[in-house]
Amino acid sequence: MVEPRAVVAGKEAADSSLVLLTVEEAARRLRIGRTTCFRLVRAGEIESVTVGRLRRVPADAVPAYVAKLRHQPAEAA
């Protein structure tokens, strides 16, 4: 039997038990666009792994990316 997933306001709730995320799930957690997230993964800004033919983002790579952003000096406008 399949357990139903929690849905919040029409969107799936973040499952904190996931170890690997799709790039789309990582983008949702970061509140950025899918294309932007793929670009960050491709540039190596966000850690990712390959599982067979699939590209996945370790769940702990998302907060690591945010921490890296927080410690970068602000760019001059």
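Exposed here means over 50% relative accessible area and buried means under 20%, with partly exposed in between. The model shown in these close-up views is predicted.

View A. An α-helix has 3.6 residues a turn, so residues three or four places apart point the same way.

**View B. Packing partners and the end of helix 2.**

**View C. Salt bridge between Arg-34 and Glu-24.** Two salt bridges are counted in the model. In one of them, Arg-34 pairs with Glu-24, and their closest N and O atoms are 3.1 Å apart. Arg-34 belongs to helix 2 (residues 34–43) and Glu-24 to helix 1 (residues 23–30), so the pair links distant parts of the chain, ten residues apart. Arg-34 is partly exposed, because its relative accessibility is 48%. Glu-24 is also partly exposed, at 29% relative accessibility.

**View D. Salt bridge between Glu-45 and Lys-68.** The side chains of Glu-45 and Lys-68 form a salt bridge, with an N to O distance of 3.7 Å. Glu-45 is in the loop between helix 2 and strand 4 (49–51), while Lys-68 is in helix 3 (residues 61–70), so this pair ties together parts 23 residues apart in sequence. Glu-45 has a relative accessibility of 35% and therefore counts as partly exposed. Lys-68 counts as partly exposed too, with 37%. Side chains of opposite charge can pair when their charged atoms come close.

**View E. Nonpolar patch on the surface.** Val-19, Leu-20, Val-51 and Leu-54 make up a nonpolar surface patch. Together these residues have about 340 Å² of accessible area. Val-19 is located in the loop between strand 2 (11–12) and strand 3 (20–21). With a relative accessible area of 65%, Val-19 is exposed.

Notes
Residues numbered from 1 in each chain as written. Predicted model: local features only at pLDDT ≥ 70, side-chain atom pairs only at ≥ 80, totals over all residues. Heavy atoms only, no water. Patch = residues over 30% accessible without salt bridge, like charges linked within 9 Å, V, L, I, M, F, W, Y side chains within 5 Å. Areas by Shrake-Rupley, 256 points an atom, 1.4 Å probe, with all protein chains shown as cover. Salt bridge = Lys/Arg side-chain N within 4 Å of Asp/Glu carboxyl O. Helix = DSSP H or I, 4+ residues; strand = E, 2+ residues; numbered from the N terminus. Buried < 20%, exposed > 50% of the residue type's maximum accessible area, 1.4 Å probe, protein only.
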